Amino acid sequence: MAGGIYLIQDDDRLVEMMEQPYDSEDQLQDLLVTYPNLIAGDQIDRATARRWLLISREAAPSDEETAVQWSLDHLFLDQNAVPTLVDVRRTPNAELRQKVLGQSIDYAANALVYWPVDSIIALFEANCRDRGRDPEQIFEEFLGADANEDRFWQKVKTNLQAGKVRLVFVADEISAEMRRVVEFLNEQMDPLEVLALEIKQYVSEDGLKTLVPRVIGQTAEAQQKKSSATRERRRWDESSFFAEIKARRGADEAQMAKAIYLWAKSQEPEVQIHWGTGDAYGGFTAQLPQRGRKPYQLFTVDIAARMEISADNYGSQPPFNAEQNWLELRSKLSSIGLSLPIEPGERRSPSLALFTLQDESALKQVIQTFDWVIEQIKTL
C-alpha cells in the first residue's frame, strides 16, 4: 500500500487512512453512478462547477450496422448540455491505454451518428425507469423547476453538431505516460475537451473510507484556449441563470433574484432586460430606454447574488445630475443598502448582497425604491 492521508476525529484522535486499490472496475463504475460528484466538476471548471445528469451506463452505439463492437462506461450531460463520455479502467497498461484512447476518440468523433438526440433522450428515460425514478423529476432536480427541457435537448444537439464533447478517462492511478497524452490532446483539440480523472481510495482499520478525485490534463494553455472560447459562445438566459445561481448560492438567494427579475419583467415594455455573456460571470441588467440619450441602467443582478448599480450612469443624466435630485436619489438608495458617492458622476459601482433581503419588507423596499426611480425618470 502507498502512503496515506490522515483524519482528525472530534476526540482529537488521528486516524490514518491507507491507499487501497478497488476490488474491480465495476466497483469504481458503481461509485460514479451513485456519486456523480466524484467526477470533480469543481476542478474541471473552478468558476462554474460542472454538475452531472446521468444519461446511461454502458451506453452503446444506436446504429446496429456499425462496426464498433464496444460500449462506453457512462454517458453524462453537464448543465450546459455538453455530452461527457466517461471510460473507467483500473490502472490501464500501455496496450490497453492505446486501445481506450483510440476507441473513445472514435466514439467522440462520431457521437452525432451514434447518439442522435432522440436516442440520448431514450437512454435517459430508460435509465430513469431502471432506477425507479420519474425522468421529469430528475430533470427538474438537475436544472430547476423553471428549466426549459426542450431548449436543453436542443442545446445537446447543437453541442454534438459542433463537436463540443468532453472525454474523461477514469482510473485509480493515472500513469505519467497517460498524463502526457491527455495533456497533449486537451491542448490540441478544440472544442473537444480531453481529461483524465484519478480517484484514489483510502481506508482505515476501523472501516472508514475516503475517495479523493484529481483532474488531470488541464494545462494552463488548454485552460486559456477553452475558457476563452466558452466565454465567447455562452450567453445567459432565464433558465441557465436561475439554475446556476441556485446551485452556487442556494434556493433562498435564487428566490430573491427571481423576485427582482419578475418585478422587472412586469415593467415591460418600459423596462428592458438584457442578459450578459461569459462562462464564469453573468446575470441580467434592467434598463430604461431613453429617446435620444443612452439608456438608464437601473441595476444588474449577477451570478454572485449581488445587485449592482452604476453611480456614473445615474449621475451623468437628468434628472439625477441635478444636485437636489441626486441627494434625494442618494438618500433613497442608501436606505436599501446602496451607497452612492456624494458627487454625481463619480465612477463607482455600489452593490448589495441579496442575502440581506431575506426579510420580505426589505425586498419590498428595494422594489418600491426602483418604482420611484422609474417615476422620476419618466417625468422628463
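In this predicted model, Glu193 is found in strand β7, which covers residues 193–203. Is this residue buried or exposed? With a relative accessible area of 14%, Glu193 is buried, because buried means under 20%. Along the sequence, Glu193 and Gly217 are 24 residues apart, while their C-alpha atoms lie 9.2 Å apart in space.

Which side chain meets that of Glu193 in a polar contact of 2.9 Å? The partner is Arg166. Side chains of opposite charge can pair when their charged atoms come close. Arg166 and Glu193 form a salt bridge, with 2.9 Å between the closest N and O atoms. This pair links distant parts of the chain, since Arg166 belongs to strand β6 (residues 166–171) and Glu193 to strand β7, 27 residues apart. Arg166 also counts as buried, at 5% relative accessibility.

Asp87 counts as buried, with a relative accessibility of 4%. Another joins the side chains of Lys265 and Glu268, at 3.7 Å from N to O. Here Lys265 counts as partly exposed at 35% relative accessibility, and Glu268 is partly exposed as well, with a relative accessible area of 40%. Returning to the pair described above, salt bridges that share partners join Arg166 and Glu193 with Asp45, Arg50 and Asp78 into one network.

Most residues other than glycine have a negative phi, and most peptide bonds are trans. The peptide bond from Glu268 to Pro269, however, is cis, with omega near 5 degrees. Pro269 sits in the loop between helix α11 (251–266) and strand β9 (272–275). Where else does a cis peptide bond occur? One joins Pro318 and Pro319, with omega about 5 degrees, and Pro319 is placed in the loop between α12 and α13 (323–334).

Ala40, although not a glycine, has a positive phi of about 55 degrees. Ala40 lies in the loop between α1 (25–34) and α2 (41–44), and is buried, with a relative accessible area of 1%. For Ala305, phi is near 60 degrees, again a positive value in a residue other than glycine. Ala305 is in the loop between β11 (293–302) and β12 (306–308), and counts as buried at 1% relative accessibility.

Helix α12, which spans residues 311–315, contains Asn313. What does the side chain of Asn313 reach? The answer is the backbone nitrogen of Gln297, at 2.9 Å. Asn313 is buried, having a relative accessible area of 9%.

In one, Glu125, Asp134, Glu136 and Glu140 gather as a patch of negative charge. Glu136 belongs to helix α6 (residues 135–143) and is exposed, with a relative accessible area of 56%. The other patch is nonpolar: Tyr6, Ile8 and Leu14 form it, and together they have about 360 Å² of accessible area. Leu14 is part of strand β2 (residues 14–19). At 56% relative accessibility, Leu14 counts as exposed, because the cut-off for exposed is over 50%.

Conventions. Residues are numbered from 1 along each chain as its sequence is written. This is a predicted model: local features need pLDDT of at least 70, side-chain atom pairs count only at pLDDT 80 or more; totals for chains, interfaces and linings use all residues. Side-chain values use heavy atoms; hydrogens and water are left out. Patches are made of residues with over 30% relative accessible area and no salt bridge: like charges are joined within 9 Å, nonpolar side chains (Val, Leu, Ile, Met, Phe, Trp, Tyr) within 5 Å. Accessible areas come from the Shrake-Rupley method with a 1.4 Å probe; for residues, only the protein chains shown count as cover. A salt bridge is a side-chain nitrogen of Lys or Arg within 4 Å of a carboxyl oxygen of Asp or Glu. Lys and Arg count as positive and Asp and Glu as negative; His and the chain ends are not counted. The place of a charge is taken as NZ of Lys, CZ of Arg, CG of Asp or CD of Glu. Helices (H or I, at least four residues) and strands (E, at least two) are DSSP runs, numbered from the N terminus. Buried means under 20% relative accessible area, exposed over 50%, partly exposed in between (1.4 Å probe, protein chains only). A polar contact is a pair of N or O atoms within 3.5 Å; within protein, one must be able to donate a hydrogen and the other to accept it, and residues adjacent in sequence count only if both atoms are side-chain atoms.
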